[in-house]
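Hi everyone, thanks for coming.

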Amino acid sequence: MTTASISESADATDSRVAPPARKTTEPEARGTWWRFFAMLVITAVVLVPIIAVVLLALRPSLGSDTTASFTLENFVLIFSQTDVLIWLKNSMLVTVVTVVVSVAVAAPAGYVLSRGRSRLVSGFSLVLFVVQSLPIVTAVIPLFVLFAEFGLVDNLTGLTIIYVGSTMSVAIWMMAAYYDSIPINLEEAAWMDGCSVFGGFLRVVLRNSLPGILSTAIFSFLLAWNDYLVALVFLRTSANFVFPVGLQSFFQQNSTNWGLVMAVAVVMMLPPVILFAALNRYFSVGGIGGSLAGA
């Protein structure tokens, strides 16, 4: 066989084994660019108000002696001459307790909702759905009357109880939805190795549910951190104000000094931004699929 024929047969074999990669057609590339452009526009629209708040917070306030275009003077003033630190402490306390209690209760309750197959579980699921569909504003006045009898008005404990109750139904549904994505084969393997039902839940299901737990925690955090209506009804004194109510009262007293008001708003925006930035890398579900590699 000649060298030319050997080369031709090798080329034919290579073409059969490794077909050329399909090139992206022009309509597909154009569609990708349009999607990218749409996402860019939406992101810009969302970020414009936030950037405006930050820029106003960095501008000198009324009556300031500084001539610089940007300064941190507003932040120094709000931390030294206002109750911002008290509002921040109250909001963090109420929010952290709400998140911890909501996740601790929703994790096992969601497991029962996901794995249970009985009329009692179905009835519980229906009750959660009905409670979830009711707006919290319909219960504010009855809760105020009830809590006034127990001395829980103008009290962070009473506010925390309301936040936990209002987040519980959605938190349980979120955990149950994530448990549904975890194959029951993993639990059955743990049971065959001697684990109890509760042991399988702790060692298998809960260990693979970090993204679901974080999603539930972030939902609870945002609801408790951003709520204004319930806090406005139940809190009366500045020493008990959470951040949204404190920001509103500060705005009413300093409505002409936008620099100070926007500085307080920036302080309120920082904890959610820091939370998302810190937990973003933990949102991954790849480990669940890998657990079934040898199944």
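Let me start with a term: a helix here is a DSSP run of H or I with at least four residues, and helices are numbered from the N terminus. With that in hand, find serine 102, which sits in helix α4. Keep in mind that this is a predicted model.

Is serine 102 buried or exposed? Buried means under 20% relative accessible area, and serine 102 has 0%, so it counts as buried. Setting aside residues up to four places away in sequence, serine 102 touches Val164, Thr167, Met168 and Ser220.

Now let's zoom out to the whole chain. How many helices and strands does the protein chain have? There are 14 helices and zero strands. Of the 295 residues in the chain, 35% are buried. The accessible surface comes to about 17,900 Å², and carbon and sulfur atoms account for 69% of that.

What about contacts across the sequence? Take the contacts between residues at least 6 apart in sequence: 75% of them join residues at least 24 apart.

Side chains of opposite charge can pair when their charged atoms come close. The structure holds one salt bridge. Arginine 115 and glutamate 187 form a salt bridge, with 2.6 Å between the closest N and O atoms. This pair links distant parts of the chain: arginine 115 belongs to helix α4 (residues 84-115) and glutamate 187 to helix α8 (residues 184-192), 72 residues apart. Glutamate 187 counts as buried because its relative accessibility is 0%.

Next stop, helix α10, residues 210-226.

Even so, α13 bends by about 30° at leucine 270, and proline 271 follows within four residues.

Now please look for phenylalanine 234 in helix α11 (residues 229-234). Phenylalanine 234 is buried, with a relative accessible area of 1%. Its contacts, leaving aside neighbours within four places in sequence, include Val140, Phe144, Phe147, Asp154 and Ile162. The C-alpha atoms of phenylalanine 234 and glycine 158 are separated by 8.2 Å, although the two residues are 76 apart along the chain.

One of those contacts deserves a second look. Aspartate 154 is in the loop between α6 (137-149) and α7 (156-180). Aspartate 154 has a positive phi of about 55°, although it is not a glycine.

Last, the surface. Ile42, Val46, Leu47, Ile50, Ile51, Val54, Leu55 and Phe70 form a nonpolar patch there, with about 700 Å² of accessible area together. Valine 46 is found in helix α2 (residues 26-58).

That's my tour. Who would like to ask something?

Key:
Residues numbered from 1 in each chain as written. Predicted model: local features only at pLDDT ≥ 70, side-chain atom pairs only at ≥ 80, totals over all residues. Heavy atoms only, no water. Helix = DSSP H or I, 4+ residues; strand = E, 2+ residues; numbered from the N terminus. Buried < 20%, exposed > 50% of the residue type's maximum accessible area, 1.4 Å probe, protein only. Contact = heavy atoms within 4.5 Å. Areas by Shrake-Rupley, 256 points an atom, 1.4 Å probe, with all protein chains shown as cover. Salt bridge = Lys/Arg side-chain N within 4 Å of Asp/Glu carboxyl O. Bend = angle between axes of the 7 residues up to and from the residue. Patch = residues over 30% accessible without salt bridge, like charges linked within 9 Å, V, L, I, M, F, W, Y side chains within 5 Å. Expected span 1.5 Å × (residues − 1).
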